[in-house]
Amino acid sequence: YASEDDPDPAEPDEETYRIEYLNYERLADRGWGLTDADLFEKASMADFPAGDYGRFLADPHETLLEAAEDRGFSWPYACRGGACANCAVAVIDGEMTTPVDHILPEEMTDRGIRLSCVGEPITEDMRVVYNVKHLPELDDLRLPPRPFEGAAVD
């Protein structure tokens, strides 16, 4: 359960959640899909850098996005309030809370798409694909990378 700087983490205690993650852009590069039964097994054999595939531990009451950032990762986000799809992840295994979600249609949440900026892990082990903002169904739900660029003060 590593960060880019600490490839050999300590064993988890009972108050943590184990997160295995994969960057959606690497799926597209390899021709893999979110529904591939052996997706994480293939990823573990692919020799991806730590930013694209790996594991880390999350603390209780920490959103998935906060947990990734606190361990040295830079995952996409924009609003941090559940109002865009920039931080969307596909939950492949495990569960996370969905306290606020003003944007994702039910058909997306039924497929396991969640917002990492507001969702907290609630199962001991999770497998997530982050950076799914590139899914075509999410095109209209993303904010621009710099939402306040060009804003003027009256």
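How far is the sulfur of Cys-84 from the closest cysteine sulfur, and in which residue is that sulfur? I looked this up before anything else. The gap is 3.7 Å, and the partner is Cys-79. That is too far for a bond. The cut-off I used for a disulfide is a pair of cysteine sulfur atoms within 2.5 Å.

Notes on the source. I am working from a predicted model, where local features need pLDDT of at least 70, side-chain atom pairs count only at pLDDT 80 or more, and totals for chains, interfaces and linings use all residues. Residues are numbered from 1 along each chain as its sequence is written, and side-chain values use heavy atoms, with hydrogens and water left out.

Entry: cysteines. I searched the whole structure and found zero disulfides. Cys-117 is in no disulfide either; its nearest cysteine sulfur belongs to Cys-87, 3.6 Å away. I then checked burial, taking buried as under 20% relative accessible area, exposed as over 50% and partly exposed as in between, with a 1.4 Å probe and protein chains only. Cys-84 is buried at 1%. Cys-117 is buried at 9%.

Entry: Ser-116. I found Ser-116 in the loop between β4 (113-115) and β5. For these labels, helices (H or I, at least four residues) and strands (E, at least two) are DSSP runs, numbered from the N terminus. Ser-116 is buried, with a relative accessible area of 0%. Where does its side chain reach? It reaches the backbone oxygen of Cys-87 at 2.8 Å. I also listed contacts, meaning heavy atoms within 4.5 Å. Leaving aside neighbours within four places in sequence, Ser-116 touches Thr-63, Leu-64, Leu-65, Cys-87, Val-89 and Met-96.

Entry: strand β1. I asked how many residues of β1 (residues 17-23) are buried. Seven of the seven are, so the strand is largely enclosed by the rest of the structure. Both faces are covered. Tyr-17, Ile-19, Tyr-21 and Asn-23 are buried on one side, and Arg-18, Glu-20 and Leu-22 on the other.

Next I looked at its partners, counting two strands as paired if DSSP finds at least two bridges between them. β1 pairs with β2 (residues 53-58) in the antiparallel sense over six bridges. Arg-18 stands opposite Leu-57 in β2. β1 is also joined to β5 (residues 125-130) by six bridges, and these two strands run parallel. There, Tyr-21 stands opposite Val-128.

Entry: Ala-90. I placed Ala-90 in strand β3 (residues 88-93). Ala-90 is buried, at 3% relative accessible area. Beyond its neighbours within four places in sequence, its contacts include Leu-34, Gly-112 and Ile-113. Arg-127, Val-128, Val-129 and Val-132 are also among them. I checked one spacing too: the C-alpha atoms of Ala-90 and Met-108, 18 residues apart along the chain, are separated by 9.3 Å.

Entry: Most residues other than glycine have a negative phi. Which loop holds Asp-47? It is in the loop between α2 (39-45) and β2. Asp-47 has a positive phi of about 60° although it is not a glycine. Asp-47 is exposed, with a relative accessible area of 72%. I noted His-61 as well, with a positive phi of about 65°, and it is not a glycine. His-61 is in the loop between β2 and α3 (64-70). His-61 is exposed, at 69% relative accessible area.

Definitions and conventions
A polar contact is a pair of N or O atoms within 3.5 Å; within protein, one must be able to donate a hydrogen and the other to accept it, and residues adjacent in sequence count only if both atoms are side-chain atoms.
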